[in-house]
Every structure is written in structure tokens, then in C-alpha cells.
Amino acid sequence: MAELSPITPCLWFDDRAREAMEYYVDVFPDSRIRSIEEYPDESLDEHFAGMRGKVLNGQFTLNGMDFVCLDGGPLFTFSESISFVVRCADQAEIDRYWTRLSHVPESEQCGWCKDRFGVSWQIIPANMGELTRTPAQIQVMMGQKKIVIAELENA
């Protein structure tokens, strides 16, 4: 098996790691599940109780970037303090990712969205810095949920 990147994000799911990996590799191009290791026999450690068939270590690649994940139970959950930035070439790409990744309308703001697993994403144009140079552009962006490039260009 090929080595992972030197720094690799790890996503802790309650019990949906396998479902999330399958979903994400369908959303992003150049993506694949690299490996899935399930929890060992429950009798080996008390922490393994109830984890039969769950993901102990999942390795996957999204658009060329390596990730690992696990089913660790409900102790930890995702928050907006960590998000993944997806830089898009054009409005069509923004729209495509937004449609696939935004599942929590109350979390939508300035290109940020949250998927059905609770992971936060920033779906932005690759040239976002150029589109938010003026106070008028900043004001437009602050009022947007999904970024609309034409509105920023016209501000």
C-alpha cells in the first residue's frame, strides 16, 4: 500500500465512517477508498465492545488529498472550527459541490456549508481574494450563503 501524506486529516465519525467514505469518493474526482480495517474481536479490549463491523481505520483519497477516518462513537463531534476549503474553477463547479455537500441550511454562510455527516466545507472560487477586494464586494459576500461569482464581480 502506498504511504499517506506526511500530514493527514483524521475524521472521527460516530458510526458512519464507511458510509461517509463512499459518499465523499462519489462527490470528488480523483478519489478512492484505499483501505478499510474493521475493529478486532470485542473480547480483546473493553473499548471494542459493540464495534464489530465498524471502521477502526479507513484510508481514502479525495481529489488527490489523503484522509483517514474511524468510527469512534459519539464522544466527539464535528464543529465549524475545522473545515475543508474546496477551491472551484467556476460557478458550475461551485453549484455542483454545493448541491452535493450542503445539507444543513442554517449552517450556510459566505460559502460555508455543512454536509449530512456534520463536516464543514468552504465552497469558494479559486480567485476568491480577487473577488473580495472592495468593501462593496465584502458586503455582498457577507450576505451570500452559496457564493455567486457574478454578484461579487458586479459589486
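Positions taken from UniProt are given in the numbering used here, with feature names shortened, and such annotations may be inferred rather than shown by experiment. The UniProt record, an unreviewed entry, places the feature "domain: PhnB-like" at residues 7-124. The structure is a predicted model, in which local features need pLDDT of at least 70 and side-chain atom pairs count only at pLDDT 80 or more, while totals for chains, interfaces and linings use all residues. Residues are numbered from 1 along each chain as its sequence is written, and side-chain values use heavy atoms, with hydrogens and water left out.

Helices (H or I, at least four residues) and strands (E, at least two) are DSSP runs, numbered from the N terminus.

In helix α1, the buried residues are Ala17, Ala20, Met21, Tyr23, Tyr24 and Val27. These residues cover an arc of only 165° around the axis, which puts them on the same side of α1; the arc is that of the directions from the helix axis to the C-beta atoms. The elements that cover the buried residues of α1 include β1, β2, β3, β4, α2 and β7.

Helix α2, residues 91-101, buries Ile94, Tyr97, Trp98 and Leu101. Seen down the axis of α2, the buried residues fall within an arc of 100°, so they line one face of the helix. An α-helix has 3.6 residues a turn, so residues three or four places apart point the same way. The exposed residues Ala92 and Thr99 are carried on the face of α2 that is turned away from its buried side. Packing against the buried residues of α2 are α1 (17-27), β5 (83-88), β6 (112-114), β7 (120-125) and α5 (149-153), contact being defined as heavy atoms within 4.5 Å. At the start of α2, the backbone nitrogen of Ala92 is reached to within 3.3 Å by a side-chain oxygen of Asp90.

Aromatic rings were then examined, with rings of Phe, Tyr and Trp (its six-membered ring) taken to pair if their centres lie within 6.5 Å, and with planes under 30 degrees apart counted as stacked, over 60 as edge-to-face and the rest as tilted. By this rule the count comes to 14 aromatic pairs. One of the pairs, Phe13 with Phe78, is edge-to-face, with 5.3 Å from centre to centre and 70° between the planes. This pair links distant parts of the chain, as Phe13 lies in strand β1 (residues 10-13) and Phe78 in the loop between β4 (65-71) and β5, 65 residues apart. Phe13 counts as buried because its relative accessibility is 3%, whereas Phe78, at 25%, counts as partly exposed.

The rings of Tyr24 and Phe60 have planes at 20° and centres 6.5 Å apart, so this pair is stacked. Here too distant parts of the chain are linked, with Tyr24 in helix α1 and Phe60 in strand β3 (residues 55-62), 36 residues apart. Tyr24 is buried, with a relative accessible area of 0%, and Phe60 is likewise buried, with a value of 0%. One aromatic cluster is formed by Phe13, Tyr23, Tyr24, Phe28, Phe60, Phe67, Phe78, Phe84, Tyr97, Phe117 and Trp121.

Charged side chains also lie over rings, a charge being placed over a ring if NZ of Lys or CZ of Arg is within 6 Å of the ring centre and within 35 degrees of the ring normal. Arg96 lies over the face of Tyr97, at 4.4 Å from the ring centre, and Arg116 lies over the face of Tyr23, at 4.0 Å from the ring centre.

Lys114, found in strand β6, counts as buried because its relative accessibility is 15%. The side chains of Lys114 and Glu80 are joined by a polar contact of 2.6 Å, that is, a pair of N or O atoms within 3.5 Å, where within protein one must be able to donate a hydrogen and the other to accept it, and where residues adjacent in sequence count only if both atoms are side-chain atoms.

Methods:
Buried < 20%, exposed > 50% of the residue type's maximum accessible area, 1.4 Å probe, protein only.
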